[in-house]
Amino acid sequence: MIGLESLSGYQYNRTNFVGSFSPTTPSNLRLGSNASPAAISPMLNCRLYSSFFGGKGDKARDTEVSAVSGGGEPAVGESGSGGSDIVDMAKDNWKSTVETITYLGERAKEASNEVTPRVQQVLESHPDLRDVIVSHLKVTIVMSYIYSLKEAYEALRTFEILGIGKELNIRDSTCPFVMDTLGSSSSNSWDMFYALGVNRLLKCEINDEVYAGIASRLKAYVNAANSLLDFYYSIGSLRLLKDLTSEIDVLLVDADGIFQSIKALSQSDGRWRYSSNDPASSSTSAAGAALQTLAGVVLLASSEIDQSLIRTLTNDIVKLFDSIEKYDDGAYYFDEKVADAREYQGPLSVTSLVVRGLTAVASATSESINLPGDKILGLAKFFLAIGIPDSAKGFYSQIEALACLESNRVSIPLILSLPATVLSLTRKDQLKVRVTTVLGSKAPPLSVKLIQAFTSGSKDASIIESQELTFDSENDAHLLDAVLKSVDVGKYQFVFEIVLHDSENKNIYATGGRTKVPIYVTGVIKVDNAEISVLDSDLGTVETQKKLDLPGETALSLSANHLQKLRLSFQLTTPFGNPFQPHQAFLNLRHETQVEHIFVSGNSGKQFVIMLDFLGLVDKFFYLSGRYDIQLTVGDAVMENSYLLELGNIDLDLPEPPEKASRAPPQPADLYLRYGPKAEITHIFRSPEKRPPPELSLSFFALVLLPILGFVVGLLRLGVNLKNFPTATVSATFAILFHLGIAAVLLLYVLFWVKLDLFTTLKALGFLSIFLMFVGHRTLAHLASASAKLKSA
Amino acid sequence: MGKSSATKDAQALFQSLRSAYAATPTNLKIIDLYVMFAVFTAVIQVVYMAIVGSFPFNSFLSGVLSGVGTAVLAVCLRIQVNKENKEFKDLPPERAFADFVLCNLVLHLVIMNFLG
């Protein structure tokens, strides 16, 4: 859905409309990397402007770049809102859309070529499946075209209105789908509407038999229709068919009946329902569709429609226009009252539908529709103010509506636009006004009056009163030469009025009364009496004084201590000799450690004075003595020679900081340090312990074995024997098992040390110890009984 | 004079000690020998540590404690087995030996775990 996109796009772009040009960029203001925050704001405006046009029209971006890079070229001057500009910018935008459509068509064709041989094989083996599969394939292919046919229609229609795109040859690739759709019995009125639309624009070769078949089917659809969209597409298709061929009878016999059944869906507030099933949902876009449909019915009627029906219809339109909404700058638009998330359409497409419906009804009937001219003009302003919508559908809505407004029977809006709203006194620019229709066609004979001009912000002081602009037929523009002779630099509101020469035209055209346009008059500002001085605080005696030649090159080298003051003063005068107050006048002191201090200059009448009393500022300066660079910024939007100057430096001798003095904030680190490559990490591995020489360790191993040897020798000397070892088979077995068990446990310990973990070891130990207890008990019990026997014996 | 008499006295003392020890039952002598073996093993490791250094310390500790622990357990066995000790008169030497084996196994499980 395009709704949300176009809505947000609209609000975002509104600042660039006729009524509110974005402020111009100070042409010569060079913004350093250390620009003060306030100095950046014109830059931001500029960026807003460029992001709007970015990717849409490179021309617009170029003017913006040249404005920033200097040269006194006004930034916004080129962005007039006349219709012809939209045509220019549209061309790039649309090329890609049509390429996409062509591509879609080719891809679909390839797909069908690929599918066919395989289908052929299958069908040969299963002849009875043939019909089922063929129809299914057709539906699939048609479905894949439907999307592109609608898009193709909208794209082609936009091209037709703009008069471009004739060199794009998409007829060969698109016509087969059109014929397929029209020839197929499965296509509904929706398909046929867009197919016929494309056909009308591409003039595919379709014979009258096909048309006749379509006509009869469409008539059947009209009679069977029960929702508004059914009527819309089938009657729309019949209308297209009527334009395409005169051979076939497309007229509706029961036009009154159809008219009434569509009218039955209307609501009391002038809006419509899409179908009678949901009585609650009334929609403005449905009203637009219904108006178009009814206009179609009137045109297709075989006999005259009842005039009372048409009169109620025009009443409905007037009621519908009561629900129109308005922006502050005089743009009118329609929006859905109930936002249905699923079928939400933005104001752009809703308004477009209503405008199309209105103009269709106006051209189909002889009834005059009483609508105030400023509403029609407001609608035109709405479509022009949007700029270029993001989506192709939004663009189609805009262009189609503008085309309807271009030549409608209600009233044709005339748009007053200025090629340049920034006028330079240096270049002696003329005030130039152009009046055209929405798409840039010539207006009827008329004259433009400058009713008054006043400074922005103060409404009372009118500078110029009622002057008539001279018409320059060569450039098709209205000029006023004398204006700049009496207007000083500044921001002004100029109020224009269009007066039609021919009084009959007043019913045809909507001029919308007075139009307010903001105008910027720029000029070179002179700097006088600039001087910088160091004063003694107590007595006010001048220590050092230097005259400055602004905005020339200066290299000051001053020195001061905390008991002194720095005073900078200068005068600004406009070309007319009036004192001038710039938007920005800053003094910037930057210490060697990049700690910056910005002071705003105050002005006393004519003179700008910055007085720095260092005694009061020592705390603010963080007691940082040393060299400070002095930088002066004077800038304004209407000042052609805005500047940012390095004046030189001052050596400050400030007292030592007391204990509790706040430290200077850390300056942002060098970006290279922050984002550059980090130092390489070297890992420090644990150095291996010092090991003794292996001979020493081995000799001690031998030494440890010595006590075992001594133990064995001692045992032998004591005459130890194994005579006590049981001789009976059973007890001997148990004794052997007991010793084997102990050996097994010890072996398990060794394994535990070498590779096993504690859990495995304990598990094994559990089993072994049960076994060991059993055999150990038997063995020792045997020994005990033997010794007891010995004792008793 | 005095020196030679002292030497004689000492000799006489050792003589009496040896004769008295000769009367000790053989199984106690075996245990004594075993205790000596264990203590010497531990002492050699301590000497090694004094010469070379204590790395790896846990291995050294487990080695020394194994020796000392075994010696202590053997001394306990000797006390229980000795017939002169009336305190353990009712305790059969087989039972004492079973305790000794069990304690040794537990001790060495810990030692092995600690060995690293």
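Visitor: Which strands does helix H14 of chain A lie across, and at about what angle does helix H14 run to E3(A)?

Guide: Helix H14 (residues 373-385) of chain A lies across strand E3 (412-417) and E11 of chain A, and its direction makes about 55° with E3(A). That angle is taken between axes, which are lines fitted to C-alpha atoms (for helices over the stretch in contact), and it is counted from 0 to 180 degrees between N-to-C directions. Please keep in mind that this is a predicted model, in which local features need pLDDT of at least 70 and side-chain atom pairs count only at pLDDT 80 or more, while totals for chains, interfaces and linings use all residues. Residues are numbered from 1 along each chain as its sequence is written, and chains are lettered from A and ligands numbered from 1 in the order in which they are written.

Visitor: How many helices and strands are there in chain A, and how many in chain B?

Guide: Chain A has 21 helices and 22 strands, whereas chain B comes to four helices and zero strands, following the pattern α-α-α-α along its sequence. These names belong to DSSP runs numbered from the N terminus, with at least four residues of H or I for a helix and at least two of E for a strand.

Visitor: Why are strands E5 and E9 of chain A said to pair?

Guide: Strands pair if DSSP finds at least two bridges between them; strand E5 (residues 431-437) and strand E9 (residues 477-480) of chain A have three bridges, in the antiparallel sense, so they meet the definition. At one place along them, A:Leu431 stands opposite A:Leu480 in E9(A). Both strands belong to an open sheet of five, in the order E8-E9-E5-E3-E11 (chain A), with mixed pairing.

Visitor: What makes E8 and E11 of chain A edge strands?

Guide: Strand E8 (470-472) and strand E11 (509-510) of chain A each pair on one side only.

Visitor: What makes a group of residues a nonpolar core, and which residues of the largest one touch the most other members?

Guide: Such a core is a set of buried Ala, Val, Leu, Ile, Met, Phe, Trp, Tyr and Cys residues joined through C-beta atoms within 7 Å. Buried means that 20 or more other C-beta atoms lie within 10 Å of a residue's own (12 or fewer is exposed, in between is partly exposed, and C-beta atoms are placed from the backbone). In the largest core, of 150 residues, A:Ala290, A:Leu294, A:Val297 and A:Val361 touch the most other members, and helix H11 (residues 284-300) of chain A gives the largest share, eleven residues. Buried residues make up 36% of the 793 residues in chain A, and 22% of the 116 residues of chain B.

Visitor: What makes up the side of chain A that touches chain B, by class?

Guide: The contact takes 24 residues from each of chain A and chain B, where two residues are in contact if their C-beta atoms lie within 7 Å. H19(A) gives the most to the chain A side, with eleven residues. By class, that side has 20 nonpolar, three polar and one charged residues, where Ala, Val, Leu, Ile, Met, Phe, Trp, Tyr, Cys and Pro count as nonpolar, Asp, Glu, Lys and Arg as charged, and the others, Gly among them, as polar.
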